[in-house]
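Hi there,

Here is the structure I promised to pass on. My notes on it follow below; have a look at the model first, then read on.

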Amino acid sequence: MESTAASAAGSSAVLAGRGQPAGPGGACVFVKPDGAQKLGHVGWGFRITGTDTWEYGAVENPTNSLYTPPGGDIGAWHARGTYERMLGDMSRDALPRALGSARAGGTPVPGGRSAHPYSRYRCTSSSTSDVRAARAMIRTVEGRGFLVGVDPGTGELTSRDCLDATYDVLRAYRTEDLTPAPRLYVPNVWVETLVTWSDARLTPG
């Protein structure tokens, strides 16, 4: 486990240096407010403790299907880079346009800007972090399929969507001030509960 002592800034969204959370840990949520029929779409990022390197990604669900079985292609991707690269990749929606092409190497494939780019992001410092657990959760969410509705296997009304992926990864990271995200919750509503996090526009860079 990679964990750290509390910084002077605590878990507030105090920013330092080039705008990233003061550290040593940190997390970000990236938002497409008009995604998913205006319910919102989110992706995640977390800081490799005590460094200027971040890991980030999302479950894009490009087919807009309400159900994709485990192991199916749900447009999941992740990457690693500096804080500036993370913001740049997310702002340009530089995602694997050819589905699955980023999985092995973990690097987004630059593509044309989407009609619904990530245009907002919220970040926070965190005095606790667990990079190993977060990486394990990335593997879990990338392989568990996509669902919004009734699970054909259990008959349960539940979800395994972009918000669940984002929340589960950041929870595994042990992000402080991460508010709960119940299954089937609306991403745009959840984002507004991150009241102690910074809040900024994301423009292509």
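L66, V148, V150, L157 and L184 make a nonpolar surface patch of about 440 Å². Patches are built from residues with over 30% relative accessible area and no salt bridge, with like charges joined within 9 Å and nonpolar side chains (Val, Leu, Ile, Met, Phe, Trp, Tyr) within 5 Å. Accessible areas come from the Shrake-Rupley method with a 1.4 Å probe, and for residues only the protein chains shown count as cover.

Before going further, please note that this is a predicted model: local features need pLDDT of at least 70, side-chain atom pairs count only at pLDDT 80 or more, and totals for chains, interfaces and linings use all residues. Residues are numbered from 1 along each chain as its sequence is written, and side-chain values use heavy atoms, leaving out hydrogens and water.

L66 sits in the loop between β5 (53-59) and β6 (67-68) (helices, H or I with at least four residues, and strands, E with at least two, are DSSP runs numbered from the N terminus). L66 counts as exposed because its relative accessibility is 54% (buried is under 20% relative accessible area, exposed over 50%, partly exposed in between, with a 1.4 Å probe and protein chains only). L184, in the loop between α4 (162-172) and α5 (187-191), is partly exposed at 35%. L184 also has a positive phi of about 70°, although it is not a glycine.

N61, in the loop between β5 and β6, has a positive phi near 45° and is buried at 8%. The peptide bond from G23 to P24 is cis, with omega near 10°, and P24 lies in the loop between β2 (20-21) and β3 (25-32).

Now the charges. There are 13 salt bridges, each a side-chain nitrogen of Lys or Arg within 4 Å of a carboxyl oxygen of Asp or Glu. D168, buried at 2%, pairs with R171 at 3.4 Å, N to O. These two are three residues apart in helix α4, so about one helical turn separates them. D168 also forms a salt bridge with R183, the closest N and O atoms being 3.6 Å apart. Because D168 lies in helix α4 and R183 in the loop between α4 and α5, this pair ties together parts that are 15 residues apart in sequence. Through shared partners, salt bridges join R144, D164, D168, R171 and R183 into one network.

Happy exploring!
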